[in-house]
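Please report on the structure shown here. Cover the pocket lining, the helix, the strands and a few single residues.

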Amino acid sequence: MTVEDIKNLVLSADPMAKHYVSDKKGDAFTIWAETRRLGTSADDRHDMGWAFQIVHYLKGEDRTIADAIEKVLIDHPGVAYRYYVSFERSSGYTRHIFECEGQ
């Protein structure tokens with residue numbers, strides 16, 4: 001999986017998502033970033049991938065985008081992920097955090 005593949009995956013769930021940071025504030029926004037290079041080798045073959053994180057910030061209860069992100073991750077055969085939710089009292093945002101690995 002390349003960085004471009006990750007970008008296309010994320011944008012298919014949230015076309016307004018930003019890479020690394022977002023200047024958007026408001027009720028909801030999504031950021032994503034590649035975090036660690038993955039490599040596996042076997043039988044003289046090297047497959048490279050990325051660990052990456054997608055974070056959807058949300059004020060309120062509309063989980064539409066978070067659900068869409070999870071759906072594209074489930075539907076992609078080369079991606080494994082963990083899904084966490086946390087609340088930031090200082091900002092009032094609920095964070096939907098997807099820690100992913102893609103080959």
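## Lining of the largest pocket

The lining of the largest pocket holds 5 nonpolar, 2 polar and 4 charged residues. Here Ala, Val, Leu, Ile, Met, Phe, Trp, Tyr, Cys and Pro count as nonpolar, Asp, Glu, Lys and Arg as charged, and the others, Gly among them, as polar. The lining consists of Thr35, Arg36, Ala51, Phe52, Gln53, Ala80, Tyr81, Arg82, Glu99, Cys100 and Glu101. β2 (28-42), β3 (45-58), β4 (79-88) and β5 (93-102) each give two or more residues to it. The space in this pocket is about 170 Å³.

A pocket is an open set of points on a 1 Å grid over the protein atoms alone, where a 1.4 Å probe fits, with protein on both sides within 12 Å along at least five of seven lines; lining residues have an atom within 4 Å of a point. Points are joined across faces, edges and corners, and the volume is the space filled by probe spheres set on them.

The model is predicted: local features need pLDDT of at least 70, side-chain atom pairs count only at pLDDT 80 or more, and totals for chains, interfaces and linings use all residues. Numbering starts from 1 along each chain as its sequence is written, and side-chain values use heavy atoms, without hydrogens and water.

Gln53 is in strand β3. Strands (E, at least two residues) and helices (H or I, at least four) are DSSP runs, numbered from the N terminus. Gln53 is partly exposed because its relative accessibility is 29%. Buried means under 20% relative accessible area, exposed over 50%, and partly exposed in between (1.4 Å probe, protein chains only). Beyond four places in sequence, Gln53 contacts Ile31, Trp32, Ala33, Thr35, Ile97, Phe98 and Glu99. Contact means heavy atoms within 4.5 Å.

Ile31 belongs to strand β2. Its relative accessible area is 16%, so Ile31 is buried. Outside four places in sequence, Ile31 touches residues including Lys18, Tyr20, Gln53 and Tyr57.

β4 and β5 run antiparallel, joined by 10 bridges. Strands pair if DSSP finds at least two bridges between them. Tyr83 stands opposite Phe98 in β5. The hairpin has 4 residues between its strands, and Gly92 takes a positive phi near 85 degrees.

## Helix α1

Helix α1 spans residues 3-13, with Ile6, Leu9, Val10 and Ala13 buried. They lie on the same side of α1 because they cover an arc of only 90 degrees around the axis. The arc is that of the directions from the helix axis to the C-beta atoms. The C-alpha atoms of Ile6 and Gln53 are 9.8 Å apart, and the two residues are 47 residues apart along the chain.
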